[in-house]
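Dear colleague,

I am passing on the structure we spoke about, and my notes on it follow below. Please read them alongside the coordinates.

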Number of protein chains: 2
Amino acid sequence: MNTIESSGHNIYFDTKLAPLAEIIEKGTYSNIFVFADRNTAEACLPVFREMLDDFSGFDLIETDPGEENKNIDFCIGIWKTLLDFEADRKCLMINLGGGVITDMGGFVASTYKRGIDFINIPTTLLSQVDASVGGKTGIDIDNVKNMVGTFTLPQAVFIEAEFLKTVPKREMLSGFAEMIKHGLIADEKYYQELKAANYQNITTAAIHRSVEIKNEVVTEDPLEKGKRKILNFGHTIGHAVESYSLSKDKKPLTHGEAIAIGMICEAWLSHKNSTLSAEELAEIRAYISSVYPAYKIKEKSFDKLSALMQSDKKNEHGNILFSLLESIGKCTWNCRVAESDIRESMEYYNLTYVK
Amino acid sequence: MNTIESSGHNIYFDTKLAPLAEIIEKGTYSNIFVFADRNTAEACLPVFREMLDDFSGFDLIETDPGEENKNIDFCIGIWKTLLDFEADRKCLMINLGGGVITDMGGFVASTYKRGIDFINIPTTLLSQVDASVGGKTGIDIDNVKNMVGTFTLPQAVFIEAEFLKTVPKREMLSGFAEMIKHGLIADEKYYQELKAANYQNITTAAIHRSVEIKNEVVTEDPLEKGKRKILNFGHTIGHAVESYSLSKDKKPLTHGEAIAIGMICEAWLSHKNSTLSAEELAEIRAYISSVYPAYKIKEKSFDKLSALMQSDKKNEHGNILFSLLESIGKCTWNCRVAESDIRESMEYYNLTYVK
């Protein structure tokens, strides 16, 4: 599979980490740290070491798994650990894990002594197609997602299908939602291909296409001043639903499940406020609801969800701004939408699973 | 006085904030925050408002004064305050104060929602000639200085002599040490001019020359991969002495007093390990000791000071690296020095005030 060239670094596919072995062999780094959570350390570290010929010349920095730990307290812990190891600016941090690990590890690396090199090895589908590419690092503050972070590019990204073998189906579906999004915002043909293929059988070729789409967008607009916002399609409402679910539901939605909901809502907004046709709206709802389980957005949560949307990073001058589809494969951004439309879009979603 | 052009932004001298008034009038910012500590809010905010025609269209974010508060807890407080104000990415943060304010405010701004615009208005001599220029932001972790931060440039820097009127003499001398350093590392003529002038009468022209020197160096090497390290002359030992004094002395050294000590020590190292002549070493010691008060580096602190130097950000691969003078006006960097030499340089300093 091809390597994708991004700004100043490569994204490697199924290389068995061979280019990383070369980087390590060169020996220009003073220390190598592997950052992982307890779960990935158990499931992925043996694979990582095996690919690197039983490499053991690193120190492991372990954290607790889960989005709720992507916070400043854990960052402080990692900064202090690096200090304890007397890590200098010439050390390398390898983030091995899902989006929590690559987001938080990237943030710690981009700020420790004003920046050390880091490499992302995403081990979930979600982080392979989304978090690991584009240079966004971040942590949550008061459960508001990625409120603090930087735009900092890694030295390299390694995508290895091998790591996906242990990812549970529900987590695979979580990543798959971002792939659907890539099709919807930028490539109708790819959307149709994803739909035609069995979603339980995701190929490296499909992952490659998703990364390619994301990479094209972020290379054009690295600091999200404009076009990059299309990657937020489904995320304005989706993020709010996700945050709400995290704080209220016994078994919270995954990121992808929330984004699936967000995409149906925002497809409705695209039909109401942009040029998405009624047919394409129906198509999107039918397909997404055939893949993702039913969920009820409670009416009593609408106010809280609105408040959460107010802190969305795309907003400007107090307006909630949406990225909306013009058609399947084409997306625009910075769209203002009436508060009543946002509510109606969620009511529309709630009807999705009513037969 | 001339404006200095830096990478992508201007450094304005004695403009009475006129260009800032223009920026505010344009009205493209969704919110304007002024970040200051209690002391600068009292002493400088009235001057700031008066220069801007009684401008009041901002929210004040106030913090406790002092280096000991340049920490992550205060950052978290400011991030949360911005969240409470529903500040979006289009807001502007104006850092009004000394180095603690511009360092910490810059760090908060460079990471809030992955980066908002900020402007530095340094109100002490030290921050005017040092902290406000060059894009370094940072906070202390466990009292280790600037362990966490970013390289992020402000939108503009405003240097106003007006603010210096209320700065106490000891604080002026603290900034003056950095000006002496600029002469020593890059411009012998400027060093001689500083010496010839009365140090109690520092002109905007001299400040301008210091900023010019610093700006030339940081523009050439913004990320401190090489040449920028010359700005750390006097700081390897100076920072260690400063940290130690902060934690132990009843009346701790100012930054400049510690750097003055560091410059004498490192001038000795420059004579021993580089090409600085015995005459120039004597000259530097004589001049600096005529300006700064006597201090005793306690022998029992040497081990602790060495440990502090180990965490210096210039270090690589476990080696403490120094920036050393080749002559007055010329500096080199990445110099390894024997541990015994470091001790001896401090003993040399201790003899400075023995007549």
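At roughly what angle do the axes of helix α11 and helix α14 of chain A cross? The model is a predicted one, and in it the axes of α11 (residues 255-273) and α14 (residues 339-350) of chain A come within 8 Å and cross at roughly 125 degrees. Since angles from 65 to 115 degrees count as roughly perpendicular and those over 145 as roughly antiparallel, α11(A) and α14(A) are therefore oblique to each other. The crossing in which α11(A) passes α14(A) is right-handed.

On the α11(A) side, the residues that meet α14(A) include A:I261, A:I264, A:C265, A:W268 and A:L269, while among their counterparts in α14(A) are A:I342, A:M346, A:Y348 and A:Y349. The residues of this contact divide into 9 nonpolar, 2 polar and 3 charged.

Turning to the annotation, UniProt, in an unreviewed entry, lists residues 63-172 of chain A as "domain: 3-dehydroquinate synthase N-terminal"; that span is 34% helix and 23% strand, and its end C-alpha atoms lie 22 Å apart. The unreviewed UniProt entry also lists residues 175-315 of chain A as "domain: 3-dehydroquinate synthase C-terminal", a span that is 67% helix and 0% strand, with its end C-alpha atoms 25 Å apart.

Key: Residues numbered from 1 in each chain as written. Chains lettered and ligands numbered in written order. Predicted model: local features only at pLDDT ≥ 70, side-chain atom pairs only at ≥ 80, totals over all residues. Heavy atoms only, no water. Axes fitted to C-alpha atoms, helices over the stretch in contact; angles between N-to-C directions. Helix = DSSP H or I, 4+ residues; strand = E, 2+ residues; numbered from the N terminus. Parallel < 35°, antiparallel > 145°, perpendicular 65-115°, else oblique. Left-handed = near helix turned anticlockwise from the far one by under 90°. Contact = heavy atoms within 4.5 Å. Nonpolar A, V, L, I, M, F, W, Y, C, P; charged D, E, K, R; others polar. UniProt positions renumbered as here; feature names shortened; annotations may be inferred.
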